[in-house]
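Please open the structure in your viewer and follow the stops below in order.

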Amino acid sequence: MSLVNLAHVCSHLQNASKARLGLTSIPVSKLHANLMLGLQREGFISSLTLGGPTPPAPYLLQTQTPLSDHEHMAQKLETEPWLAYGGGEASLKASGARPPRDTAVRVPLNPARRRLWLGLKYWNNEPVLKHMQLISKPTRRIWLTVEDLSKITRTRASSYVGGLTRPGECMFLTTDRGILEARECVERRTGGMALCRVW
Amino acid sequence: MSVCRPARCLFSKASSSIPKPSAPHPRRPFSTTPPRPVRKRRPHYPSIKAEDLALLNQAADSSFPKYDTSETALLSKKYTPSQIAAIQAAEQALDARDIIVQGQGRTDPWRVPYEDDMAEMDPVTDHAEKLSHTDIKGRKNVRLTNAVERDAAIAQIGNETLAKMYPDGIPDEIPKKDQEFFQEAMTTALTQGALDPRAVFTSTNPKVLEALADPRHDVRLPDLPRIENKMVRQTRRLSQDEEEDPRQKRMLQYLGWEKEKLRGLRVKTLVVHGVVNQTRMGKIRSLYYLTIAGNGDGLLGVGEGKSVEPDEGRKQSVMSAIRNMRPIPRYENRTIFGDLEKKVGATKVQLYSRPPGFGLRTQHLIFEMARAAGLQDLSARTPKSRNKMNVIKATWEALCNQRLPDEIARGRGKKLVDVRKVYYGGSVH
């Protein structure tokens with residue numbers, strides 16, 4: 001697990017959001033994919049698609065319902081509004097929405113040609129993900145315990161890691177339960193190796 | 001010059017058998033856009049219907065009637081025939097219909113009441129009515145009063161004055177709060193009585209006594225009446241009002257503020273230094289000022305000014321600081337939302353939010369700014385260059401451009417909750 005590539009990803013995402021890109025790609029690895037899923041869970045990126053050297057078709061990035069079905073969906077939601085929340089697609093499919101047209105993602109067979117395509121988010125003309133930097137370095141890994149993390153999430157520094165003092169700052173760790181956010185780690189009472197901080 | 005053309009014209013005139021060259025062959029259009037229809041000709045003057053004109057005539061006759069015979073008879077008593085002719089000529093020169101259609105009366109409070117029948121005196125526009133000694137009939141004999149006559153006159157005049165102040169008569173029991181006013185009224189009445197000429201002079205001729213009481217015989221002009229309306233109240237200048245700065249006035253209009261609110265601002269000049277402009281004539285020295293302004297409640301502005309005149313430069317910077325005031329988002333009205341960092345030039349400013357009661361532990365420039373903005377808990381570092389101007393600018397920009405939790409939540413599509421003061425009944429920070 002090389003952190004060098006992760007460092008490249010961090011600076012690439014910062015550069016891409018400075019350039020106001022809507023879609024960017026990073027090399028694929030299990031670490032990258034899981035970290036990006038964590039970022040998506042925290043709302044920093046909008047979409048995550050495995051693809052080739054060319055960006056995936058835009059309609060693949062979001063589940064769409066054809067315009068003709070909107071009215072039917074609205075009627076369905078009026079009678080059963082809970083369909084809008086839980087179950088999502090399955091329930092709406094049950095309501096009669098047709099599946100989107102070409103869902104096949106063309107991933108190259110050669111793993112070296114695969115890329116992870118990320119949709120970046122912007123709000124009020126400001127990137128949602130503005131800063132992303134490594135905590136552990138390739139030459140100096142930092143493992144944090146739950147006690148450290150509970151301090152850090154309460155804005156205090158611990159184990160040579162600064163607290164999460166900026167508004168909305170997040171920290172990702174790799175644990176034996178996968179890549180988790182620092183607050184999630186505290187909740188689950190697990191420590192781990194600090195990867196990066198994002199704000 | 002073509003010779004054929006006039007010849008052909010001649011022929012065409014001579015013989016009608018030659019076909020005219022006006023064959024309407026279709027002309028090739030120069031563009032694909034369809035031709036615009038010819039504009040409908042509108043008359044230069046709006047056409048007025050006869051019935052509208054009749055209505056107008058009727059209105060003109062009713063609102064500006066012609067002189068009838070009784071009125072002309074009255075006029076002829078007052079004016080000479082030539083004057084009456086002039087009046088009639090003037091009346092004819094103005095068409096009553098034009099006055100109705102085009103005329104516009106003034107509506108401002110200072111308009112002159114032209115449509116006045118001169119029956120009443122207007123204390124503002126008219127000369128005060130005056131009488132002279134020739135208007136007093138009978139003998140004009142006057143002598144000084146003796147003590148008894150003087151006291152009687154003072155008592156009488158005092159009573160008259162009091163009667164004006166209390167038209168319903170003096171109440172038997174005066175409440176405590178009106179006691180002072182009553183005492184003042186008594187003193188005023190007696191003083192007026194003592195100053196009145198009737199207390200000093202008396203005469204056997206009642207006409208002379210009347211003249212003594214008549215203000216029309218007074219040498220002094222009567223006081224102008226106090227006019228009470230909005231315009232007067234706005235333009236009234238009291239003697240204690242200080243000289244008004246036109247720039248300040250313009251800024252008050254711009255901000256839409258009262259003068260009192262402007263006085264409550266914290267304004268402080270933080271940087272002053274001389275600057276020099278080198279021209280071919282020599283060096284021109286001027287002073288540079290950097291001023292901050294804040295209302296101590298979440299507004300902060302930074303302004304710069306430069307002038308050869310020190311006072312002028314300072315004023316410039318103050319005005320621009322007030323004009324530049326921008327809202328500073330504050331957490332619990334005491335500190336900032338999280339840590340901030342801003343770089344201007346080689347200056348880096350790091351601002352940290354702190355718990356309640358921490359105070360302003362910062363360098364003096366940031367301290368002044370935080371105080372003006374109404375921040376109470378803050379600490380700061382300026383790890384790199386400490387150029388005063390850049391420190392102030394960086395701090396101001398950092399404070400103005402904070403990322404608010406609400407916006408972060410909207411941007412990420414997550415729900416963010418402030419859990420401070422949530423546990424233990426909010427008694428723990």
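**From the chain interface to a helix pair**

Begin by selecting chain A and chain B together: about 1,200 Å² is buried between them, and carbon and sulfur atoms give 49% of that area (buried area being the accessible area, with a 1.4 Å probe, that two parts lose on being put together, summed over both). This is a predicted model, in which local features need pLDDT of at least 70 and side-chain atom pairs count only at pLDDT 80 or more, while totals for chains, interfaces and linings use all residues. Residues are numbered from 1 along each chain as its sequence is written, chains are lettered from A and ligands numbered from 1 in the order written, and side-chain values use heavy atoms, without hydrogens and water.

Now show the residues in contact (heavy atoms within 4.5 Å), of which chain A supplies 16 and chain B 11. Seven residue pairs, both members at pLDDT 80 or more, are in polar contact across this interface (a pair of N or O atoms within 3.5 Å; within protein, one able to donate a hydrogen and the other to accept it, with residues adjacent in sequence counting only if both atoms are side-chain atoms).

Next, select residues 364-373 of chain B, helix 13, and residues 388-400 of chain B, helix 14 (helices being DSSP runs of H or I, at least four residues, numbered from the N terminus). Their contact includes B:H364 and B:M369 of helix 13 together with B:K388 and B:W396 of helix 14.

Definitions and conventions
Axes fitted to C-alpha atoms, helices over the stretch in contact; angles between N-to-C directions. Helix = DSSP H or I, 4+ residues; strand = E, 2+ residues; numbered from the N terminus.
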